[in-house]
Amino acid sequence: MTRMNRRALLKSAGSVAGLTAASSVIGTPLIAKERSLKIGAYGGYFENSLKEHVYSAFTAATGINVESVTQPNSTDWLVTMTQATKAGSVPADLSLYARDTMIKASRIGGLLSPLDLKAAPKTGDLDPYFVFEDTTGPIGVGAMSWFTAMVINPEEVGPPASWAEFWDSEKYEASLGLPKNFNAQFLDIVAATFFEGEATFKTKDGIVALVEKAAEIKPNVALWWSAESQMEQALKNGDVIGGQYYLDVSNLMAADGFPVQPVFPKEGNPQDYGSWCLSSISEKGAEAAEFVNFSSDPATQALMSRKIGTAPLVPQSKTDLTDDEFAFVSGAPSIKPAYEAYLDSETFIKETWEKMLAGA
Amino acid sequence: MSVISDLDAVAQPPNTTRSEARKWANPQVLIWAVVLFLCLTPFILIFAVSFGHKVEGAGWVWGFSFANYQRVFVGAEWPDQVTWLYLQRLYYSLYYAVIAAVLAVVTAFPFTYLMTGLSRRAQSAWLVFLLSSLSLSEVFIVMGWDVLLSNRSGLPMVFKETGLTDWLKAVGWFDVLREWGLANPRNVKFKTSVLATVLTMSYLVWPYAVILLYPPLSRLDRSMVEAAHTMGAGPWTVMRTVVLPAMRLPLVGTILLLFVFLLGVYVAVTVFAEPAKQTMSVSVYGAVRGNTLNAPFGAAQAIVLLVTAAIFLVLGQWMNRRTAS
């Protein structure tokens with residue numbers, strides 16, 4: 001387009017003066033046409049993969065340049081964005097938030113702007129669960145998702161049919177690795193295995209019952225991990241022979257020859273996901289809608305599954321992922337975490353959980 | 001800085017403003033002001049935050065309530081329920097710090113004593129080696145110990161390969177180890193355990209212990225030791241009646257310093273201690289970090305930890321002075 005214009009201009013320009021004048025006129029709309037978007041994502045391997053595979057494809061498809069912004073994580077980024085919004089200038093137009101952080105942002109108010117879904121028709125392919133609407137409209141569209149799965153050491157034990165088997169001390173005494181954080185979704189597993197799932201989180205008694213059931217597994221836990229790398233080392237070293245860990249990393253470890261096997265028991269595994277959210281003071285609503293549209297495209301979802309190891313937010317049938325590729329990043333059934341309860345009863349669940357861990 | 005200038009203004013009559021101005025130019029006053037500012041500002045900030053208020057499901061806001069301090073002592077559900085959860089963590093902070101500090105000093109003392117008897121050359125070689133080991137960060141040291149104690153690559157592997165595990169099983173001691181949490185049905189395990197935590201923590205501060213004990217020990221008058229020997233005292237009697245009394249002050253001082261240093265250890269505790277035996281510094285981080293965004297509660301715990309450390313230091317000094325007099 002640009003070259004065409006300039007060539008036409010050169011032909012028509014009668015004099016040097018005319019050329020200068022005309023090029024300055026034509027130059028202005030050219031700069032304005034250069035569209036861009038600042039997108040935040042968790043730093044490290046994840047952000048690099050997005051830059052390399054997804055943003056570049058997006059720029060090639062739409063001509064919109066992407067400036068990648070590093071987020072430390074979801075919740076700390078929310079603090080940054082809250083302060084930046086107050087100051088009137090934000091570091092990113094689109095940010096990546098986990099669902100609980102997104103709900104937090106929605107509750108704080110004035111931080112997020114609804115996305116224009118009419119300009120993003122491909123979001124219709126997503127499961128409606130992944131398009132989060134509050135009173136102002138659709139403020140978050142799913143970007144990608146990830147599972148934390150049951151894992152075992154296949155050299156030591158066979159795949160359990162249910163999470164309940166992990167409570168069997170005959171087999172698993174001092175041998176499991178489970179996450180230490182109260183909201184790392186182990187309680188959701190307990191709820192799905194022994195109770196009524198998310199509904200059990202609604203009352204304090206329900207939460208206490210969940211934590212008491214979790215307490216019964218304590219003799220079988222050798223490691224309550226807080227950092228991902230702790231569990232990775234424990235699995236590799238044989239310090240634990242089972243537990244709860246990220247599905248994609250487990251598969252990567254298995255592919256590297258370590259004795260690790262992710263399992264989908266009958267209750268399933270917890271599925272978490274990240275959402276693209278538009279800052280309330282961003283002026284790039286149109287570009288953001290185009291990006292969200294691009295990211296929701298089954299082809300992009302498949303691209304992310306292959307290159308980053310995230311689970312697609314569309315059914316496998318809509319993508320060209322093979323069964324093996326799909327099993328590497330996803331599975332069924334999926335346990336949906338009780339996000340609202342984790343926020344509404346934050347202090348209570350955290351303290352009850354930690355009391356259980358501490359035996360206090 | 002403002003505190004100092006206010007104090008100066010109050011202390012000095014108005015007609016000395018010129019000398020006051022000259023005093024401000026004095027670099028020493030300036031340095032003091034900067035140091036005080038740098039020390040006090042973070043502390044005052046944390047103190048102020050500790051009275052803030054947590055908004056459930058969101059962040060926190062400034063406020064003035066003692067609820068966070070109350071929670072440290074009796075828990076969030078008080079008066080319906082009482083929990084000693086956070087006091088238990090405080091207890092473990094002190095527990096590990098005391099044991100690890102004493103262990104480090106008890107082992108570093110004979111080492112340093114023997115080292116000061118070596119030639120100058122050997123002494124400086126040891127000191128350089130120990131000083132360079134200080135460049136290893138806590139994370140690095142914990143990683144090393146983690147590998148040392150791991151099932152496939154460390155001590156448990158040695159137990160298994162040498163047949164020690166089978167022998168323990170045969171004589172029945174293995175079940176005792178299982179009861180102590182030092183074994184799973186397959187092999188011995190040293191993570192997570194108090195043993196691993198304390199060992200790593202004393203390893204962490206061991207070079208400091210040597211470096212702190214080195215100057216007083218090298219100044220120790222060896223002729224006193226020799227005199228005691230010639231008068232017929234055995235090595236233990238010499239140690240007990242000559243060396244230790246002369247070294248009492250530096251020994252207590254070193255233990256106190258290492259103790260305060262160890263109160264803040266984070267990585268070793270998260271990796272080697274089970275959640276039931278984790279410390280207040282881990283709990284502080286758990287409250288402040290993104291997970292719940294409860295900086296006020298983290299700050300309140302930090303203040304309680306700080307006050308406890310101060311009490312221990314004062315007590316230590318007081319006991320030291322009392323036994324000295």
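Ala174(A) is buried, as 21 other C-beta atoms lie within 10 Å (a residue is buried if 20 or more other C-beta atoms lie within 10 Å of its own, exposed if 12 or fewer, and partly exposed in between, with C-beta atoms placed from the backbone). Its phi is near 50°, a positive value in a residue other than glycine. Ala174(A) is found in the loop between α6 (169-172) and β7 of chain A. Here helices (H or I, at least four residues) and strands (E, at least two) are DSSP runs, numbered from the N terminus.

Gln185(A) also has a positive phi for a residue other than glycine, near 75°. You will find Gln185(A) in the loop between β7 and α7 (186-194) of chain A. With 24 C-beta neighbours inside 10 Å, Gln185(A) counts as buried.

## About the model

This is a predicted model, in which local features need pLDDT of at least 70 and side-chain atom pairs count only at pLDDT 80 or more, while totals for chains, interfaces and linings use all residues. Residues are numbered from 1 along each chain as its sequence is written, and chains are lettered from A and ligands numbered from 1 in the order in which they are written.

## Chain A overall

Chain A has 15 helices and 12 strands. Along the principal axes, its C-alpha atoms fill a box of roughly 95 × 45 × 30 Å. Of its 360 residues, 48% are buried. Among the contacts in chain A between residues at least 6 apart in sequence, 74% join residues at least 24 apart; two residues are in contact if their C-beta atoms, placed from the backbone, lie within 7 Å.

## Strand β9 and its partners

Let us look at one strand of chain A. Strand β9 (residues 242-246) of chain A is mostly covered, with 5 of its 5 residues buried. Strand β6 (residues 137-152) of chain A runs antiparallel to β9(A), and 5 bridges join them; two strands pair if DSSP finds at least two bridges between them. Within that pairing, Val151(A) has Gly243(A) as its bridge partner in β9(A).

Strand β7 (residues 176-179) of chain A runs parallel to β9(A), joined by 2 bridges. Leu176(A) stands opposite Gly242(A) in β9(A).

## Domains of chain A

Chain A is divided into domain 1 (36-144 + 272-329) and domain 2 (147-271 + 334-358), with bounds that come from an automatic or database domain assignment. The C-alpha centres of these two domains of chain A lie 28 Å apart. Their contact takes 10 residues from domain 1 of chain A and 11 residues from domain 2 of chain A.

On the domain 1 side of this contact, α5 (99-108), β11 (269-279) and α13 (323-329) of chain A each supply at least two residues. α5(A) gives the most to that side, with 4 residues. By class, the residues of the domain 1 side divide into 5 nonpolar, 1 polar and 4 charged; Ala, Val, Leu, Ile, Met, Phe, Trp, Tyr, Cys and Pro count as nonpolar, Asp, Glu, Lys and Arg as charged, and the others, Gly among them, as polar.

## Domains of chain B

Chain B is divided into domain 1 (2-74) and domain 2 (85-149 + 190-324). Taken over C-alpha atoms, 31 Å separate the centres of these two domains of chain B. Domain 1 of chain B brings 15 residues to the contact and domain 2 of chain B brings 13 residues.

The elements giving two or more residues to the domain 1 side are α3 (27-49), β1 (53-54) and α4 (67-74) of chain B. α4(B) gives the most to that side, with 5 residues. The domain 1 side has 8 nonpolar, 5 polar and 2 charged residues.

## A bent helix in chain B

Helix α11 (residues 194-219) of chain B has 26 residues and should span 38 Å at 1.5 Å a residue, which agrees with the 37 Å between its end C-alpha atoms; the expected span is 1.5 Å times one less than the number of residues. α11(B) bends by about 40° at Val205(B), and a proline, Pro207(B), follows within four residues. The bend at a residue is the angle between axes fitted to the seven residues ending there and the seven starting there.

Between the chains, 30 residues of chain B are in contact with 34 residues of chain A. On the chain B side, α5 (85-116) and α14 (267-272) of chain B are the elements that give two or more residues. The residues of that side divide into 9 nonpolar, 14 polar and 7 charged.

The bond from Ala332(A) to Pro333(A) is cis, with omega near -5°, and Pro333(A) has its place in the loop between α13 and β12 (334-335) of chain A. The bond from Trp78(B) to Pro79(B) is cis too, with omega near 10°; Pro79(B) lies in the loop between α4 and α5 of chain B.
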